[in-house]
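Dear colleague,

I am passing on the structure we spoke about, and I would be glad if you could look through it alongside the notes that come after it.

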Amino acid sequence: MSKFFNPRLSGLEAYTPGEQPRDRSYIKLNTNESPYPPSKGVRKALDRKRIDGLRLYCDPTATALKEELARVYDKKSSQIFVSNGSDDILNFAFLAFGADGILFPDISYGFYEVFANLHSLPFEKVPLKSDFSIDADDYCKRNKMVVIANPNAPTGMVLPLKKIEKILKANPENVVLIDEAYVDFGGESCADLVDKYPNLLCVQTFSKSRSMAGARLGFAIASEELIADLEKIKYSTNPYDVNALTQAAGVAALQENGYYMRNCRRIIKTRNYAKKALENLGFEVLPSKANFLFAKCGQFTGLELYLLLKEKGILVRHFEKDRIKDFNRITIGSQKEMEAFIAAVEEILGA
Ligand SMILES: *Cc1c(COP(=O)(O)O)cnc(C)c1O
């Protein structure tokens, strides 16, 4: 740290993203990307004309993209916010709505704590129950912003919509942010509740189910008032945060939404295969509605299994936290990749 660094941030611990190694090719099951490529229309949208257009600033209102999202999600454009990945939306939302303090589960997306610290906001990590489920009552009448990933990461477990409604009703004075990065893999979206609950902020991303992690595109669905607040933060940060190529790719992807939803169904099928195969090998596997499994080997710690798999050219995720250090988070790749993964695990276990 240089002597010039803001002392208020001297204790800030940055988020550590999953590895993106370039040294050799791996079967990459560590950052929940899609094994399937973007749709044909996306490739067509990024043409010569679009490249020549980079001379100009992109549309700061992202009108075409918002209209397409509004069509797919049956909302008004004014109920849609877009940003450079959903991480940016989380960042903006913490800044905009977190002044009373923030509640989130102790085991969840690691970035929540980073954003709270970045903005010096008080926060409380609410322990998950022993079966890794969320108890909605822990988040009721607390007079704080609530942030819940649904499905949760890295567990993959879902909180039913009825429970989310309970939290929304019990916190009318605070924003309830539901991070739906994985909702397309079998979860239930709260997007249709935004007309009923002006405190609901539903956040989604193109990174997982729409094969565009590298393009950086996230969106939020909420009441017009909450969206206007987020726009205010965006226009105080970087009005051009969704670049022209990503806006065009996003519009094209939404026009071929069926392709992506079919891929999600393929991933669900492969997830069911991988879960059974791991259970047959003695793993404990949590019930996942995401594009990953959270699994405990029993014979090795998460770190050990991660290292053994890496030697075989397969990347998965492990965690340092005590409560989950015996688990690995395994992204669902293609059927072929998952068969190779299971074969590697069998070898490691000598099964
Ligand atoms: C991947 C992920 C995000 C971030 O998505 P981007 O749109 O790529 O920034 C947000 N929340 C959760 C829970 C995630 O797993």
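This is a predicted model: local features need pLDDT of at least 70, side-chain atom pairs count only at pLDDT 80 or more; totals for chains, interfaces and linings use all residues.

The ligand sits in the largest pocket, and the residues around the ligand are Gly85, Ser86, Asp87, Tyr109, Asp179, Ala181, Tyr182, Thr205, Ser207, Lys208 and Arg216. Some of these come within polar-contact distance: a backbone N or O atom of Ser86 lies 2.6 Å from an oxygen atom of the ligand, while for side-chain N or O atoms the corresponding distance to a ligand oxygen is 2.8 Å at Arg216 and 3.0 Å at Lys208. Taken alone, the ligand exposes 390 Å², of which the protein buries 92%.

Two of the residues around the ligand, Ser86 and Asp87, also belong to helix 4, which runs over residues 86–97. Its twelve residues reach 16 Å from the first C-alpha to the last, close to the 16 Å expected at 1.5 Å a residue. Helix 4 is mostly covered, with nine of its twelve residues buried; these are Ser86, Asp87, Ile89, Leu90, Asn91, Phe92, Ala93, Phe94 and Phe97.

Turning to the other residue, Asn263 is placed in helix 9, which spans residues 257–280. Asn263 counts as buried because its relative accessible area is 2%, where the cut-off is under 20%. The side chain of Asn263 makes a polar contact with the side chain of Arg266, at 3.0 Å.

With best regards

Technical notes. Residues are numbered from 1 along each chain as its sequence is written. Side-chain values use heavy atoms; hydrogens and water are left out. Helices (H or I, at least four residues) and strands (E, at least two) are DSSP runs, numbered from the N terminus. The expected span of a helix is 1.5 Å times one less than its number of residues. Buried means under 20% relative accessible area, exposed over 50%, partly exposed in between (1.4 Å probe, protein chains only). A residue is near a molecule or strand if one of its heavy atoms lies within 4 Å of it. A polar contact is a pair of N or O atoms within 3.5 Å; within protein, one must be able to donate a hydrogen and the other to accept it, and residues adjacent in sequence count only if both atoms are side-chain atoms. Accessible areas come from the Shrake-Rupley method with a 1.4 Å probe; for residues, only the protein chains shown count as cover. On a 1 Å grid over the protein atoms alone, a cavity is a set of points where a 1.4 Å probe fits but cannot get out, and a pocket is an open set with protein on both sides within 12 Å along at least five of seven lines; lining residues have an atom within 4 Å of a point. A molecule sits in a cavity or pocket if more than half of its atoms lie within 2 Å of its grid points.
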